[in-house]
2 protein chains.
Amino acid sequence: KSMCKYTGSFPVSFVCYLLPASSGEEITRGFLQELVNILFTYICKSSQRSSKVLDFHHPHQLKEGLDGFNLNLPDQPETLEQILVDCRDTLKYGVSTGHPRFFNQLSSGLDVIGTAAEWLISTANTNMFTYEVSPVFILMEEVLLRKMQSIVGWSSGEGDGIFCPGGTISNLYSILVARYHFYPEVKTRGMGVLPQLGIFTSEHVITIHTLLYGQLHLTELFIYSHYSVKKSAAVLGLGTENVVVVKCDERGKMIPAELESSIVTAQEKGLVPFYVNATAGTTVYGAFDPLDAIADICHRHSLWMHVDAAWGGGLLMSDRHRMKLQGIERAWSVTWNPHKMMGVPLQCSAILVKKRGLLRQCNELGAEYLFQADKHYDVSYDTGDKSIQCGRHVDAFKLWLMWKAKGSQGFGAQVDKCLENAEYLYDQLQRRTGFELVYKNKPEHSNVCFWYTPPSLRGLPLGPDRDTRLHQVAPQIKGRMMEKGSVLIGYQPLGAKVNFFRCVFSNPATQQEDIDFLLDEIIRLGHDL
Amino acid sequence: KSMCKYTGSFPVSFVCYLLPASSGEEITRGFLQELVNILFTYICKSSQRSSKVLDFHHPHQLKEGLDGFNLNLPDQPETLEQILVDCRDTLKYGVSTGHPRFFNQLSSGLDVIGTAAEWLISTANTNMFTYEVSPVFILMEEVLLRKMQSIVGWSSGEGDGIFCPGGTISNLYSILVARYHFYPEVKTRGMGVLPQLGIFTSEHVITIHTLLYGQLHLTELFIYSHYSVKKSAAVLGLGTENVVVVKCDERGKMIPAELESSIVTAQEKGLVPFYVNATAGTTVYGAFDPLDAIADICHRHSLWMHVDAAWGGGLLMSDRHRMKLQGIERAWSVTWNPHKMMGVPLQCSAILVKKRGLLRQCNELGAEYLFQADKHYDVSYDTGDKSIQCGRHVDAFKLWLMWKAKGSQGFGAQVDKCLENAEYLYDQLQRRTGFELVYKNKPEHSNVCFWYTPPSLRGLPLGPDRDTRLHQVAPQIKGRMMEKGSVLIGYQPLGAKVNFFRCVFSNPATQQEDIDFLLDEIIRLGHDL
């Protein structure tokens, strides 16, 4: 049945004539068709380089009601025409994260199959709690988790997991499960009966998270590694001061000898180490911690080894790049966000746990009634008691449908392309005047970090004066970018290094011409500073 | 621009010809149009009483690949035609939660505006982290939270909040914030430096959660109240045994005098009470705890009063029913899930906190850099540091768009209708032979609990033999319902009461004829037992 019969404006205005109202079919079809036209126009526009990446307005401007776009909530219903106008305005004043020149975030792109999947999920409107209400989605989740576990390198006899609302929650699960593994009594008796536990993670991102408020133009940088570990430590009652920060080398990789000595020092201070977070793909540099060396240390000290591969996990799909995660198979748990490098629409994050059954034991309530007999199907597929939350959004289907449409090979090719873009940018930066790499080596992931030095600063001697001025360059260029809306890229300082740009590639729509455009635009916007 | 130009099958098969591929517009339009046809057909079918509510298959049947529906993940891409077939199959073997005869869950219905909103959200593909990437959605969230706070009854000077991935996470936030309010040092130092804290909640749902595995046909019953409080206590390191269960009356309402004595007893055992969870709308009975009396006790003992109005919050929209939440304005925090009684697609849950700033103080990292100067807009709109998780799915827009389309009045009318359905069922149960109410009073919420006694049991004397047989009736009828797919309703035991049906109404599509059908169908499926 075609959706196209409906023409003209709505004969009646109000929502109560839509389905499930009797004879609501025609109006519902018309309304949804109009909406899909708006969405399709947006999708096309997102892929056009001539479109703006964003049409920036300050909060007070949007709140005052631009061109009649009124955010306030009415007592009386609006007309369906007005609802469609509201939808158009919502998109108009938003940010086009699918634009080939949106480099601001680890998650970008607008995958048509993934979007289609999310449309289906919302139409099915169910949750991942039990097989009874989500038979198909629950099985798809299981198929995906097993596949991801086998790609990580775990044997078929091991591996468990669950999809979570984002990487921080996935990391939180890993600490929760690790704590329960070593101290199962914590579940009933609480932290009061435990020793003072210590958690270890790389220093590299700690500098970032503390800059949240100052550096919001690059909003995602502090999300993972240190940030999520500290957040989790606060939530779980472990305390942020018991998160031990381990030194990194100049590439941002955790130094194994430093980890070893941190553990010893922490023990001397009375902490009981139990958990090490290794990062596969840091947010700023895209660094991969040396997983095998870290695994050796964890093994020696009997510590839980978690790998936060939220950003780097996608590289496992590529034959060319997966060796960068060498040793991940030795992890006891892994966070992997397909909504980042694999382009799945937000959100899609998985926590994988090597030891089967631990997730359930840690989170279930009521196991004593496990074997009651009046069930009608095999309840081992009911995931409800594996998770903290009960109602879980169906995130797995997006990844499942994209996997069908692309195949493992398609994901691999997509990852390869993003890393080729990073290499192209790396090459260009070395050739062009006024640009300087933050570190000289070829990028391992798709992150490329660099300074732009305007002509007025090029003659200055190195030192604090030049640093102070250079520190202001990236924010000023970014501000101009946002006003102009032509391109979007993040920046931040790191340790002693003043503000620099970080470019990341996760959108397969991006081509070399977009990278050239980015560099040209930075010069256009910044040469007079 | 119409989406209807595209006709015929796909000239090329693979996903790489979709946008953002150059000249991918036509194929993308055709693909999305086909998908929308599938979704629209599903939406229409969901509202037709002649359609099945579900087409049940056991896990092994689905895994074996019914009619070529293959769940496994390929190396090579599938064709776009196959992707559409996969989408059709995914819906075919799922559960139609929008069907007017789906009574299984607190969340049901298929709201066209809410669905349209979710389609837009997934197309926009962004997160709620900062104003920079979600300018419009962040402001909508703020407008919604303020509105909800004013409906709860807080003054304009107070109130804070955030949308969360489900009610359990919202409740977890409430305990997290309460703990921080009384013991801010917990954030950095952990639970080790705190006394043994006690949490109080009603007993009424504890019986339920322990039956998870036995009673999965009614999967949602144990989600809230006790269940989520215990889950949170485990996660936060408080320990489940420090959750004190307070006795309820026969209607399922917490008895204030019992709360008072529980507090004293807990103190004598060395626990330090700090948090009371009152429930506005329990999952089984739909009971409302006496909020004013509980608030008095919390005030007297200086305890944090949380109201879990995940299920009952919707009644605040109705002039006729909002007095059932009398006293909610005295709560220090409130959980309210618009995805339940207000029909917003899953998920949409809010935690509201009376004391402004506490959420941020509790969860932020890096406040010391609050006043750096290189930002380009007012960063007080950046919500990232108010939440545990960083990337948050855009849930607020669904509620916002539905509010525009229905108005406050439309939500009120929707709630009134669901409660009228409950009263109709209540009346019918009293008139029909073979049915018995679990409690005699008129329902306060849309929950109605009842037994069906088949003719063979009606002559039996009351006692353990009859109980044992009656206990098996509901599961058997439910099993037959699932096989037939005509209607879906939950059941569970409670305390000493053997298995009974719980009917809940949250879908405005349900009419009196559906309630008649439900009772007729129970007789049809159960009269021979």
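Trainee: Into which domains is chain A divided?
Mentor: The model is predicted, and the bounds of its domains come from an automatic or database domain assignment. On that assignment chain A is divided into domain 1 (1-91), domain 2 (154-402) and domain 3 (404-526).

Trainee: How many residues of domain 2 of chain A are in contact with domain 3 of chain A, and how many of domain 3 take part?
Mentor: Taken over C-alpha atoms, the centres of domain 2 and domain 3 of chain A are separated by 29 Å. The area buried between these two domains of chain A is about 3200 Å², with carbon and sulfur atoms giving 59% of that area. The contact itself joins 35 residues of domain 2 of chain A to 38 residues of domain 3 of chain A.

Trainee: Which element gives the largest share of the side of domain 2 of chain A that touches domain 3 of chain A?
Mentor: Between domain 2 and domain 3 of chain A there are 19 residue pairs in polar contact, both residues being at pLDDT 80 or more. On the domain 2 side, the elements that give two or more residues are α8 (206-209) and α13 (396-431) of chain A. The largest share, 4 residues, comes from α13(A).

Trainee: What is the N to O distance in the salt bridge of A:K253 and A:E444?
Mentor: A salt bridge requires a side-chain nitrogen of Lys or Arg within 4 Å of a carboxyl oxygen of Asp or Glu. The side chains of A:K253 and A:E444 meet in such a salt bridge, with an N to O distance of 2.7 Å.

Trainee: What is the area buried between chain A and chain B?
Mentor: The size of an interface is often given as the accessible area lost when the parts come together. The contact between the chains takes 168 residues from chain A and 168 residues from chain B. Carbon and sulfur atoms give 66% of the area buried between chain A and chain B, which is about 15100 Å².

Trainee: How many salt bridges are counted between chain A and chain B?
Mentor: A:R189 forms a salt bridge with B:E241, and the closest N and O atoms of this pair are 3.9 Å apart. Between chain A and chain B the count is 10 salt bridges.

Trainee: Why is B:R146 classed as partly exposed?
Mentor: B:R146 lies in helix α5 (residues 135-152) of chain B, and, leaving aside neighbours within four places in sequence, B:R146 is in contact with B:G159 and B:R356. Buried means under 20% relative accessible area and exposed means over 50%, with partly exposed in between. B:R146 is therefore partly exposed, because its relative accessible area is 40%.

Key. Residues numbered from 1 in each chain as written. Chains lettered and ligands numbered in written order. Predicted model: local features only at pLDDT ≥ 70, side-chain atom pairs only at ≥ 80, totals over all residues. Heavy atoms only, no water. Contact = heavy atoms within 4.5 Å. Buried area = accessible area lost by both parts, 1.4 Å probe. Buried < 20%, exposed > 50% of the residue type's maximum accessible area, 1.4 Å probe, protein only. Polar contact = N/O pair within 3.5 Å; in protein donor to acceptor, adjacent residues only side chain to side chain.
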